[in-house]
Amino acid sequence: MLDRRARTRRLIELGGLVAKSGLEEVVAAVEPDARAVILGALLHLADELRTMKPDASPARITAYRDRGREALRAAIRDEPSPRSGAMAAPRGA
């Protein structure tokens, strides 16, 4: 039972991250089927990371992680999440 609860918690957490990103609002402005667009975007990102040169993928993932950590810290401080603009340079985690 614990594995099922842990999986459910993880899925809810991941859904919350999609919501925090603001992606649904951006997509819904031009496409009513936001779920399909979001899934397509995630699949595209996964494919891109899989086919990237091995030395480039870790750097990209690190940049995504740093931006995500910054957004999570901002959410904890009740500040607006950094949703727009270019990816920030890593600040150290």
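**Salt bridges and helices in a predicted model**

Asp47 and Arg50 are joined by a salt bridge, with their closest N and O atoms 2.9 Å apart. A salt bridge here is a side-chain nitrogen of Lys or Arg within 4 Å of a carboxyl oxygen of Asp or Glu. The model is predicted: local features need pLDDT of at least 70, side-chain atom pairs count only at pLDDT 80 or more, and totals for chains, interfaces and linings use all residues. Residues are numbered from 1 along each chain as its sequence is written, and side-chain values use heavy atoms, with hydrogens and water left out.

Asp47 and Arg50 are three residues apart in helix H3, so about one helical turn separates them. Asp47 is partly exposed, because its relative accessible area is 42%. Arg50 has 64% relative accessibility and therefore counts as exposed. The classes are buried (under 20% relative accessible area), exposed (over 50%) and partly exposed (in between), computed with a 1.4 Å probe and protein chains only.

The structure holds four salt bridges. In another of them, Arg60 pairs with Glu48, and the closest N and O atoms are 2.4 Å apart. This pair links distant parts of the chain: Arg60 lies in helix H4 and Glu48 in helix H3, twelve residues apart. Arg60 is partly exposed at 30% relative accessibility. Glu48 is also partly exposed. Its relative accessible area is 28%. A further salt bridge joins the side chains of Arg65 and Asp66, at 2.8 Å from N to O. Arg65 counts as partly exposed, because its relative accessibility is 37%. Asp66, by contrast, is buried, with a relative accessible area of 9%.

The chain as a whole has four helices and zero strands. Its pattern along the sequence is α-α-α-α. Helices (H or I, at least four residues) and strands (E, at least two) are DSSP runs, numbered from the N terminus. The chain has 93 residues, and 14% of them count as buried. Among contacts with a separation of 6 or more, 29% come from residues 24 or more positions apart. Contact means heavy atoms within 4.5 Å.

Helix H4 covers residues 57–76. At 1.5 Å a residue, its 20 residues should span 28 Å, and the end C-alpha atoms are 28 Å apart, so the two agree. The expected span is 1.5 Å times one less than the number of residues in the helix. The buried residues of H4 are Ser57, Ala63, Asp66, Arg67, Glu70, Ala71 and Ala74. Their cover includes helix H3 (34–51). Ser57 counts as buried because its relative accessibility is 12%. Leaving aside residues up to four places away in sequence, Ser57 touches Leu49 and Met52. After H4 comes Asp78, whose phi is positive, near 60°.

The accessible surface of the chain is about 7,700 Å², and carbon and sulfur atoms hold 60% of it. Accessible areas come from the Shrake-Rupley method with a 1.4 Å probe; for residues, only the protein chains shown count as cover. On the surface, Leu11, Leu14, Leu17 and Leu72 form a nonpolar patch, with about 320 Å² of accessible area together. Patches are made of residues with over 30% relative accessible area and no salt bridge; like charges are joined within 9 Å, and nonpolar side chains (Val, Leu, Ile, Met, Phe, Trp, Tyr) within 5 Å. Helix H1 (residues 2–21) gives the most to the nonpolar patch, with three residues. Leu11 lies in H1. Leu11 is partly exposed, with a relative accessible area of 46%.
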